[in-house]
Amino acid sequence: DFNVPRISSENYNGFGMGIESSHSFYLPKDIELSIDVNYNTESYSLYSKYIDNFSTSLHLNISVFKNGRFNISLNDVFNTLDSGYQYDFNGVSFKTNSKYNTRALTVGFTYNFSKGKEIDESYKESDIEKEKDNIKQ
């Protein structure tokens, strides 16, 4: 018989909340600018507390050639993404705050080799109808 010991039998309430917002702006000449903002409040559990954190990212996509896109992203623009943790149980206390190097610049290029190829619509429709018939049976 294997029993897992319980740390505590007391009831507790934990709380935490996060907000995420993403916005895309479509500019002339097929340029797209996106902004992502994330915020998490302090959160609590039975013996632990986590600090709040905030980050913002920017993404720029520019169409080049007929089927290509040039991508630039900057993550954690304001260098504000931190992590912190505090623990207190049975007289044992532990607290840590960490700041990682989370700001990053990424540059990329994507090319869609199949863009512009035509698909026979009747072929797609016939496959859809076959699947519907199989489901009905």
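Tyrosine 85 counts as partly exposed, with a relative accessibility of 24%. The model is predicted. Tyrosine 85 sits in strand β7, and β7 belongs to an open sheet of four strands. This briefing takes the sheet, then the aromatic rings.

**The sheet**
- The strand order is β3-β4-β7-β8, and the pairing is antiparallel.
- Strands β3 (43–44) and β8 (92–99) are the edges, each pairing on one side only.
- Strand β7 covers residues 82–89.
- Eight bridges join β7 and β8 in the antiparallel sense.
- Glutamine 86 has lysine 95, in β8, as its bridge partner.

**The aromatic pairs**
- The structure has five aromatic pairs.
- One of them joins tyrosine 50 and tyrosine 85.
- The ring centres of tyrosine 50 and tyrosine 85 are 5.0 Å apart, and the planes stand at 45 degrees.
- This pair is tilted, because 45 degrees is neither under 30 (stacked) nor over 60 (edge-to-face).
- The two tyrosines lie 35 residues apart, so the pair links distant parts of the chain: tyrosine 50 is in strand β4 (residues 48–50) and tyrosine 85 is in strand β7.
- Ring pairs join Tyr50, Tyr85, Tyr87 and Phe94 into a cluster.

**Exposure of the partner**
- Is tyrosine 50 buried, exposed or partly exposed?
- Tyrosine 50 is partly exposed, because its relative accessibility is 34%.

Terms used. Residues are numbered from 1 along each chain as its sequence is written. This is a predicted model: local features need pLDDT of at least 70, side-chain atom pairs count only at pLDDT 80 or more; totals for chains, interfaces and linings use all residues. Side-chain values use heavy atoms; hydrogens and water are left out. Two strands pair if DSSP finds at least two bridges between them. Rings of Phe, Tyr and Trp (its six-membered ring) pair if their centres lie within 6.5 Å; planes under 30 degrees apart count as stacked, over 60 as edge-to-face and the rest as tilted. Buried means under 20% relative accessible area, exposed over 50%, partly exposed in between (1.4 Å probe, protein chains only).
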